Amino acid sequence: MPSLGADMTAGTLAKWRVAVGDRISHGDIIAEVETDKGLIEVEVFETGVVEKLLVGEGEKVPVGTVLAEIGAGAATVPESASVPESASVPESASVPATGSASVPVSASESAAGSIISAGSSEVDLDGPMASPAVRRRAHELDVSLRGVQGSGEHGRITLDDLEGFPRGSAAAAIVGGRLRISPYARRLALERGIDIAQVRGTGLSGAIQARDVLSAKPSVQESGKPVSASERMQRAIAAAMTRANDEIPHYYVEQSIDMGNALTWLREANASLNVTERLVSGVLVLRAVARALRKHKKLNATWQGGKPVPSEEVHVGLAVSLRGGGLVAPALRNTDEGSLTDLMARMTDLVSRARSGALRSSELTSATITLTSLGERGVESVTPIIFPPQVAIVGCGATFERPWVVDGQVVPRPVMRVTLGGDHRVSNGHQGARFLSALDRLLQEPEKL
Amino acid sequence: MTTYRDAIRTALQTLLRDDPRVFFMGEDVGRYGGPYAVSKGLLEEFGEDRVRDTPLCESTFVGAGIGAALGGMRPIVEVMTVNFSLLALDQVVNNAAVMRHMSGGQFEVPIAVRMATGGGKQIAAQHSHSLENWYAHVPGIKVLAPATVQDAHDMLLAAVEDPDPVFVFEHQMLYGIEGPLDIESVPPSPWRAAIRRVGNDLSLIAYGGSVHKALTAADELEKEGVRAEVIDLRSLRPLDRDTILESVSRTHRAVVIDEAWKTGSLASEISAILAEEAFYELDAPIARVCTLEVPMPYAKHLEEAAIPQVDRIVEAARRSVRGG
Amino acid sequence: MTSDEIRATLLRCLTDVAPDIADEEIEDDADLRDELDLDSMDILRWVQGIHKALGVEIPEEDYGKIASFEDAIAYVAARV
């Protein structure tokens with residue numbers, strides 16, 4: 001019963017103009033109502049079929065009483081005039097010009113549908129479509145709707161979609177293949193050397209936050225004992241070497257280098273140097289490798305985004321074996337510059353910090369090539385695996401007295417075998433061989449290093 | 001204890017009394033005593049030359065104020081609300097803001113403009129705007145938003161003293177609030193934000209009419225063990241980036257409350273600053289709590305639902321603590 | 001300086017270079033390089049440490065004379 005005047009409280013249904021089963025349209029007169037102001041024709045705003053007439057002719061009922069029920073009928077979809085078109089958000093600015101079919105529809109629908117705030121969730125007019133019940137359930141399950149794929153009409157998220165969504169576990173931190181972790185948490189993990197993959201996220205949808213990193217315990221082995229730092233390092237090395245073996249097509253070239261001049265020069269130099277400035281043969285090799293690289297830039301690069309990125313500067317990573325079994329290869333930055341004495345001092349400092357776990361992050365990430373010397377242990381040669389993302393590695397064996405031909409005579413000389421491992425996507429054997437020749441030449445004139 | 005409106009009046013009296021260059025003009029400020037009763041009694045005290053009723057033409061009287069400022073006066077212009085200031089935007093943006101620049105420093109425009117802003121009184125779609133961000137967008141002018149009784153007093157003095165155009169936004173719901181006013185104390189710089197409440201779990205960043213809601217929200221959050229810091233921006237142009245960044249670098253979470261619409265808001269500007277300069281400090285996505293993207297509704301319950309309220313601030317803070 | 005004091009000093013210099021050695025029993029006559037996995041850098045740093053602590057300089061050609069711990073003690077004792 002409509003209110004047909006400010007002071008009307010009741011009206012009498014004088015006459016029905018329709019019968020049950022009649023089809024009616026928006027604007028049709030459905031009944032006559034008797035009021036203080038006379039007989040008034042009452043229009044209907046629905047389109048459909050009259051299903052029930054609830055008030056009899058001549059009955060006086062209060063304003064607001066339901067007079068009839070109108071249904072959708074068999075074939076008609078009622079034009080729901082009750083959805084106010086004017087309430088839709090003018091999203092025309094955000095509709096992409098390329099016209100993705102689902103966007104314009106969902107924009108105006110979601111605007112109309114989500115104006116009423118669903119309980120405690122923040123109303124999100126641009127977010128995924130979901131009914132208040134779904135929003136409430138998502139809140140209970142601690143799932144962010146943005147991460148859920150909706151299987152309903154126009155991508156609407158249903159309760160079923162929510163039930164299937166992983167949450168709460170470390171696996172849930174990965175949404176769409178990407179780990180969900182805050183920038184601050186990621187920074188903390190890096191600074192503390194914590195492996196993110198082992199951290200359980202407690203944020204929304206399993207996101208990893210700072211408190212999760214700060215409370216991360218070392219992961220537990222099958223035996224129940226915590227994994228030691230050296231074991232974790234071992235695993236990291238294993239992972240890196242496996243990856244290198246899988247991804248990098250290695251080639252190898254080898255050279256036997258006469259170290260006679262170098263060792264003689266070294267002995268003489270050390271005899272006159274203070275013990276604190278004494279040099280080891282390794283520093284000569286290090287400097288020679290760095291200088292040789294200046295002219296062989298293809299070997300002094302890193303593999304980034306599917307291609308080699310050459311470096312203007314030479315930072316040779318020195319493989320340092322750690323007591324207890326680990327291995328690090330921190331970089332000696334600008335290895336080709338400065339005096340040999342300086343390089344020796346820097347090398348000593350680097351090795352001691354490597355052994356005591358006090359390296360800097362830049363040292364761990366900036367090497368452009370690695371040098372590994374296993375000569376001390378008496379092996380003749382090394383066939384090393386490249387440390388990704390570098391594109392080459394130099395391995396030195398021990399220096400042995402060997403029969404060598406000098407000026408047509410066979411004489412004993414200290415000979416060291418050097419192997420270059422190269423990434424065949426970036427350089428080839430010919431280039432590698434030229435590098436080794438350059439290295440050889442440099443080591444024949446140690447005074448110039 | 002004084003009211004916000006009385007604090008402004010006190011400042012007006014001080015300025016009119018102490019500086020003969022100062023005069024005050026606007027619609028209904030004289031005989032009527034001001035639409036918010038701010039200037040009640042001032043016409044009687046200072047006379048028609050110093051307190052002037054203007055015609056109903058914002059463009060004209062703001063322009064006249066600019067002219068007077070160019071001529072060496074220190075005019076205080078009241079534009080009844082930011083809604084009507086739109087009629088004077090050309091004067092502001094194309095005259096006041098650029099005179100110093102275009103004259104190579106030969107001309108300065110020391111005008112102070114006061115405006116009421118915001119919604120909450122069912123004055124509906126045309127009369128409830130928060131357009132501080134439009135003004136804060138323009139180089140050449142300065143924008144202040146006093147949220148406390150003391151700031152309402154001090155900021156007007158600073159605005160008049162400043163040699164450049166300064167726009168002071170007074171949220172209309174604040175005129176009746178009471179607070180302490182000390183006119184003897186040396187005021188802090190108006191261009192710095194103030195930390196109204198210290199906390200280490202997250203930063204609630206607000207200005208004007210939203211500051212008190214942020215403080216109430218912080219009380220609620222305290223009960224849940226979340227200690228929220230509340231920053232009152234005070235100055236909207238220039239924004240006090242240092243205070244904002246220092247706070248978020250300490251709390252690692254930010255919720256920005258802004259009664260303007262979210263799109264292109266000051267909340268967006270602050271979010272961008274945080275993303276640019278504090279990215280590696282953020283432990284959760286930045287949240288913005290703004291007026292819903294609709295013309296301000298007239299119906300009381302809809303207006304309430306549209307404007308940021310304490311419950312929405314608390315909810316956003318909770319989400320932030322949970323990681324977004 | 002007694003033999004024991006020299007031994008203690010040499011041991012301390014050695015553990016400065018290789019901190020994990022403190023836990024192990026060093027066999028006096030074993031070859032230090034092999035037994036304790038010391039490389040030329042470690043030996044050099046040990047030699048530098050001995051020089052700093054006791055003022056004894058060990059030239060490179062004498063490295064063979066300090067191959068074992070007891071040899072090293074004897075070498076240093078003669079020159080301290």
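**Exercise 1. Determine what share of the 324 residues of chain B counts as buried, and describe the fold of that chain in outline.**

Solution. In this predicted model, 52% of the 324 residues of chain B count as buried. The next step is the secondary structure: chain B has 13 helices and 14 strands.

**Exercise 2. Classify the packing of helix H1 (residues 4–18) of chain B against H8(B) by its angle, and give its handedness and composition.**

Solution. The axes of H1(B) and H8(B) come within 8 Å and cross at roughly 30°. Angles under 35 degrees count as roughly parallel, and H1(B) and H8(B) are therefore roughly parallel to each other. Their crossing is right-handed.

The residues follow. H1(B) contributes Tyr4(B), Ala7(B), Ile8(B), Thr10(B), Ala11(B), Thr14(B) and Leu15(B). They meet Val149(B), Ala152(B), His153(B), Leu156(B), Leu157(B) and Val160(B) in H8(B). By class, the contact of H1(B) with H8(B) has ten nonpolar and three polar residues, with no charged ones.

**Exercise 3. Describe how helix H1 (residues 3–17) of chain C packs against helix H3 (residues 40–54) of chain C.**

Solution. The axes of H1(C) and H3(C) come within 9 Å and cross at roughly 135°. That angle makes H1(C) oblique to H3(C), and the crossing is right-handed. On H1(C), the contact is made by Thr9(C), Leu10(C), Cys13(C), Leu14(C), Asp16(C) and Val17(C). On H3(C), the partners are Asp42(C), Arg45(C), Trp46(C), Gly49(C), Ile50(C), Ala53(C) and Leu54(C). The residues of this contact divide into eight nonpolar, two polar and three charged.

**Exercise 4. State the geometry and the residues of the packing of H1(C) against helix H4 (residues 69–79) of chain C.**

Solution. H1(C) and H4(C) pack at an angle of about 115°, and their axes are 10 Å apart. H1(C) passes H4(C) in a right-handed crossing. Ser3(C), Ile6(C), Arg7(C) and Leu10(C) of H1(C) make the contact with Ala72(C), Ile73(C), Val76(C) and Ala77(C) of H4(C). Leu10(C) is also part of the contact of H1(C) with H3(C). By class, the contact of H1(C) with H4(C) comprises six nonpolar residues, one polar and one charged.

**Exercise 5. Characterise the side of chain A that touches chain C.**

Solution. The contact takes 13 residues from chain A and 14 residues from chain C. On the chain A side, the elements that give two or more residues are helix H7 (260–272) and helix H9 (340–355). H7(A) gives the most, with three residues. By class, this side divides into four nonpolar, five polar and four charged residues.

Definitions and conventions. Residues are numbered from 1 along each chain as its sequence is written. Chains are lettered from A and ligands numbered from 1 in the order in which they are written. This is a predicted model: local features need pLDDT of at least 70, side-chain atom pairs count only at pLDDT 80 or more; totals for chains, interfaces and linings use all residues. Helices (H or I, at least four residues) and strands (E, at least two) are DSSP runs, numbered from the N terminus. A residue is buried if 20 or more other C-beta atoms lie within 10 Å of its own, exposed if 12 or fewer, and partly exposed in between; C-beta atoms are placed from the backbone. Two residues are in contact if their C-beta atoms, placed from the backbone, lie within 7 Å. Ala, Val, Leu, Ile, Met, Phe, Trp, Tyr, Cys and Pro count as nonpolar, Asp, Glu, Lys and Arg as charged, and the others, Gly among them, as polar. Axes are lines fitted to C-alpha atoms, for helices over the stretch in contact, and angles run from 0 to 180 degrees between N-to-C directions. Angles under 35 degrees count as roughly parallel, over 145 as roughly antiparallel, 65 to 115 as roughly perpendicular and the rest as oblique. A crossing is left-handed if the near helix is turned anticlockwise from the far one by less than a right angle, and right-handed if clockwise.
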